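Hi,

Here is the structure I promised to pass on.

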Amino acid sequence: MITKHPGTGGRVNLASVKEQLVYEIGDPRAYITPDVVADFTSIRLADDGRDRVRITGARGSPRPATLKVSLNYFAGWKAIGTLVYCWPQAIEKARAADRIVRERLAQLGLSFDAMETEFFGVNACHGPAAPPVSDPPEVELRIGVRGSDRGTVERFTRELVPLVLSGPPAATGYGEGRPQVREVVAYWPTLIPREEVEPKVEVVE
Amino acid sequence: MRIPLARVAHCRSGDKGDVANIGVVAREECYYSILVREVTAERVKAFFGDRVLGRVDRFELPNVGALNFVMHEALGGGGTVSLRVDAQGKTLGAALLRLEIEADEHELRD
């Protein structure tokens, strides 16, 4: 039974339980946990009154021979800078600023492992799936770079603020100054044989 | 008639590294067959264009009336590596609600 304490807000119903069931999963027939491989396609859900959903029929297969390890490793440096452009022609101004930054970086002979531009208010969340926007009151330009050399990423951070006075007109939103250069700690999920891990529990008073 | 996916389904999305998934849940049991017919892996891949570089797998959960789409190389490297604002793919499910699908009048309850 999935339920919750009364008076705590929220809602447990078929829709919310189904959304949770499909949240961040891969193959629903084999949801791997350390104790069992669950088959989410075997589950039956039933509405059992307010904030109560009954789950029956759950099946699975034995636990896997391996355990998941979350490894983290150093993966270079990144910086993300933003500038805000307003109406009129906010999108055109933000796009022009992006072109200028990219041309400047090319002239400086700087290259990056990744460079990504997003336009907040236009396509930052949904990319090409966003419907066209015409003539918005404001757009935030967001440019991010990532590379293995800290100095190169640092150089990029000096190319945004000059645009305020020498780029498309009425740029703002630069109060924080240069973007911060941050170390990238990347995530590498992998597997190890279960026998290699010896569980030990210590209670510290 | 053409309708947005939002009329017959709700979505939840998230990440595992550079892999994003979207769970598409039928609003009514009888809408599940519309989802199976209309929302193919190919359509989802095309919908997101160059945002999803890898393959899209579709898994079926007929017991709860849901489809799960697993999209590879979908988050610009994912997690801390990604330069995107939505590095965890939290907004991709909402994006998919705009997908236009075909449904007959008699298939729809309202």
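A bit of housekeeping before that. This is a predicted model, so local features need pLDDT of at least 70 and side-chain atom pairs count only at pLDDT 80 or more, while totals for chains, interfaces and linings use all residues. Residues are numbered from 1 along each chain as its sequence is written, chains are lettered from A and ligands numbered from 1 in the order in which they are written, and side-chain values use heavy atoms, with hydrogens and water left out.

**Where the chains meet**

Chain B puts 37 residues into the contact and chain A puts in 41, contact meaning heavy atoms within 4.5 Å. Together the two chains bury about 3,300 Å², and 57% of that is on carbon and sulfur atoms. (Buried area is the accessible area, with a 1.4 Å probe, that two parts lose on being put together, summed over both.) Arg12(B), Leu83(B) and Val85(B) supply 23% of the area that chain B buries against chain A, more than any other three residues.

There are 26 residue pairs in polar contact between chain B and chain A, both residues at pLDDT 80 or more. A polar contact here is a pair of N or O atoms within 3.5 Å; within protein, one must be able to donate a hydrogen and the other to accept it, and residues adjacent in sequence count only if both atoms are side-chain atoms. On the side of chain B that touches chain A, S2(B) gives the most, with seven residues. (Helices, H or I of at least four residues, and strands, E of at least two, are DSSP runs numbered from the N terminus.) That side of chain B divides into 15 nonpolar, 12 polar and 10 charged residues. Ala, Val, Leu, Ile, Met, Phe, Trp, Tyr, Cys and Pro count as nonpolar, Asp, Glu, Lys and Arg as charged, and the others, Gly among them, as polar.

**Salt bridges**

The whole structure has 20 salt bridges over all chains, and four are between chain B and chain A. The cut-off is a side-chain nitrogen of Lys or Arg within 4 Å of a carboxyl oxygen of Asp or Glu.

One of them pairs Arg51(B) with Glu118(A), with the closest N and O atoms 3.0 Å apart. The pair crosses from the loop between H2 and S4 of chain B to strand S7 (residues 114-120) of chain A. Both Arg51(B) and Glu118(A) are buried, where buried means under 20% relative accessible area, exposed over 50%, and partly exposed in between (1.4 Å probe, protein chains only).

Glu24(A) and Lys90(B) also meet in a salt bridge, at 3.2 Å from N to O.

Within chain A, Glu154(A) bridges to Arg150(A) at 3.5 Å between the closest N and O atoms. The two lie four residues apart in helix H3 (residues 150-157) of chain A, about one turn of the helix. Glu154(A) is partly exposed at 29%, and Arg150(A) is partly exposed at 37%.

**Helix H2 of chain B**

Which residues of H2(B) are buried? They include Ala41(B), Val44(B), Phe47(B) and Phe48(B). Down the helix axis, the buried residues fall within an arc of 125 degrees, so they line one face of H2(B); the arc is that of the directions from the helix axis to the C-beta atoms. These buried residues pack against S3, S4, S5 and H3 of chain B. The face turned away from them carries the exposed residues Glu42(B) and Ala46(B). After H2(B) comes Gly49(B), with a positive phi near 50 degrees.

Cheers
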